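Have the viewer open and follow along.

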Amino acid sequence: MDIVIIGLLLGGTYALMAMGLQLQYGVARIMNLANGEVLIAGAFGAFWFFAGTHASPLWSLLFVVPLAFALNWVIYRVLIAPLVRRAKNQGKLDVDSILATFGLSFLFIGIMVAFFGAQYTDYAYLSEPIFIFGERYGLNRVVAFLGSVILCAALYVWLHKTRAGLALRAVSVNPSAAGLVSINVMRTSALAFALGGAVTAAGGVLLSMYLTFDASYGVVFTLKALIIVILGGVGDIRGTIVAAFILGLAETAVATLIDPGLTLAAAYILFMLVLLIRPEGLFGRRTA
Amino acid sequence: VSIVAKAPIVRAGFGITAHELRTLLVGALLLIAAAFVPLVSEGYVLQVMISIVMYAALATSWLLFSGPTNYIALSTAAFFGIGMYTAAGGIDILPYPVLIIIAGVAGAAFAGIVGLATLRVAGVYFVIFSLGLAELVRQIMTWLQHVLGTMSGLYVTIERTESEYYWQLLLLTAVIFVVGWWIGRSRLGFALRIIGNDEVVAVHCGINTARAKVILFVISSTFASIIGALVAPRWGYVEPVVAFNPFLSFQVVIMALLGGTHRLWGPLLGVIPFTIIWELISIEFPDQTTMLLGVCFLLIVYAIPNGFTGLIEDTFKRRAKGHGGSPGPVHQVLGAVSSAAADDPRPQQSNDA
């Protein structure tokens, strides 16, 4: 029971972080290996805010999210857009964007080490127990989960009820066809990329409330988000949410039953299974 | 050490052309010259030379797989670490040369599993998988040590001088070059170049693409493991954080890209300047190395996407065009086509000659 509830709480927060990558890879079609570093930057933002003001780190969302949005917009416009223009096909774009964002991730790590140091960081916020079905859980986990659910729901409604959301979904299905119905694909992709970065940073703020992190820990989150996106199916929001819960449960099971240091192994086993059994993901469409 | 990997496309049998013989001779001479370094200089220069040879071996073995296929492997540190741990874990039980062989076998086996799981599907999955591989093996190693109750670090000590390390690594680098040269001439290398240019075409030519990719990934990773085993005793103390440092994967990729990834000797051109500059940066700005490494990487990706070899070849092409006399209309068209190919910044195109 413990495992199920902690796993669900963790999965809920993972869902938000993976939604960010889903927007970047599923809509803008950029394989962003610096995604985890943006998440860690969000976590550092929350830590810095909490250490300075002792107010709820949730308030830091107010500046972390717009900043992450602006930063990722600039990254797309300055670094990614030239690659998109010179790429002949998706394979070439993948190679280029992997290299560029791989370099970017180390740049981010370096900047964060310069500002916050290389040591493990955490802070105690709402670390009082809450009782669910008679068992104790950290209140911060529950709050992070609720925050993630609210943001995910808002994103989902935005994607499905607004014209801009419709444009994003159109680009996700087929960029060249989206161009034919007078959607500005480049602008929409930039929007998706920036929004994805903002959502990921928000995930970082929420995760920082109960996880210990350091500047170089981003790669683990990049990997987890990628595995969630692939497991759920590229371009499928439902799949992402389901996959996030699966990963949350699997990790918690491994951490509780075997060793807390092996969470990445759980993610890798899931990844292996997907690649061997269903490479297009749970909800993905098989492409030619 | 310089051997041209570019095999003519149409060739049966193993006839060595005069051009190839010349490059082989140049390579052999460079190797002999490099072998004399420890006799002339010791101390700091030799240390830097050991770094250069180690990274040359790593980057060239990385290139064996990632160069022709364009599948960017970010997993060098994982295999390097496996080699280190094999040497460190067995040093009290088995003789050291046996451990080096075991390290190679262990690396090959692990690469085989990873390759079979990931190389049958789209390339991007392989890259993702390789990204966290070092971290995964590190977690498993830490856990194993925890379960077995051993200490987190292991001491490896054998009697070796710096010169001996240097010669070992130099010899291995030569072996890697010979293997790379041989692969470039073989059907396997030809198959890989087709895969790198267009995987769909490769499949339609009847190439078993998955098999070719797995074989090459195994060869490439085996070398990384052996290098790990060779340098483990030089470091003396092995622990998970050091052995599986993701920086190593990053440095290897950056050096290979700087040199250029479509010639066997490309990484060498990147390794030598980068190692020297890196030594200076680590001394001058010890706290900003990560940031500067990121900046260097971005500069290389955007400014010289074809690396030094790409720059050199472009210069030669332009000069050849300049001295061509008055070209007829056909030549002009051909020139336009080839200059379009030369202006193309992506590293994929120029494999076929």
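In which loop of chain A does A:S182 lie? A:S182 lies in the loop between α7 (175-180) and α8 (185-208) of chain A. Before going on, some housekeeping: this is a predicted model, so local features need pLDDT of at least 70 and side-chain atom pairs count only at pLDDT 80 or more, while totals for chains, interfaces and linings use all residues. Residues are numbered from 1 along each chain as its sequence is written, chains are lettered from A and ligands numbered from 1 in the order in which they are written, and side-chain values use heavy atoms, with hydrogens and water left out. As for the helix labels, helices (H or I, at least four residues) and strands (E, at least two) are DSSP runs, numbered from the N terminus.

Back to A:S182. Its phi is near 55°, a positive value in a residue other than glycine. That deserves a second look, because most residues other than glycine have a negative phi. A:S182 has a relative accessible area of 68%, so it counts as exposed (over 50%; buried is under 20%, and partly exposed is in between, with a 1.4 Å probe and protein chains only).

Chain B has a case to set beside it. B:N70 lies in the loop between α3 (44-69) and α4 (76-90) of chain B, and its phi is near 65°, again positive in a residue other than glycine. Is B:N70 buried or exposed? B:N70 counts as buried, at 14% relative accessibility.

Staying in chain B, look at B:T76, which sits in helix α4. It is buried, with a relative accessible area of 6%. Leaving out residues up to four places away in sequence, B:T76 touches B:L58, B:W62, B:A224, B:L248, B:S249 and B:V252, where contact means heavy atoms within 4.5 Å. B:N245 is 169 residues from B:T76 along the chain, yet their C-alpha atoms are separated by 9.6 Å. B:N245 is in the loop between α12 (240-243) and α13 (246-259) of chain B and is partly exposed, at 32% relative accessible area.

Now zoom out on chain B. It has 17 helices and 2 strands, and buried residues make up 53% of its 353 residues. Of the contacts in chain B between residues at least 6 apart in sequence, 82% join residues at least 24 apart. Helix α9 (residues 187-197) of chain B gives a local view of burial: B:G189, B:A191, B:L192, B:R193, B:I194, B:I195 and B:G196 are buried there. Those buried residues pack against α3, α8 (162-185), α10 (199-204) and α11 (209-235) of chain B.

Over to chain A for some helix geometry. Helix α2 (residues 35-53) and helix α4 (residues 90-116) of chain A pack at an angle of about 15°, with their axes 10 Å apart; axes are lines fitted to C-alpha atoms, for helices over the stretch in contact, and angles run from 0 to 180 degrees between N-to-C directions. That makes α2(A) roughly parallel to α4(A), since angles under 35 degrees count as roughly parallel, over 145 as roughly antiparallel, 65 to 115 as roughly perpendicular and the rest as oblique. The contact is made by A:E37, A:V38, A:I40, A:A41, A:F44 and A:W48 of α2(A) and A:S105, A:F108, A:I109, A:M112 and A:F116 of α4(A).

A:F271, in helix α11 (residues 263-277) of chain A, is buried, with a relative accessible area of 1%. Leaving aside neighbours within four places in sequence, A:F271 is in contact with A:I227, A:I230, B:Y125, B:I128 and B:F129. B:T118, in helix α5 (residues 96-118) of chain B, is buried too, at 0% relative accessible area.
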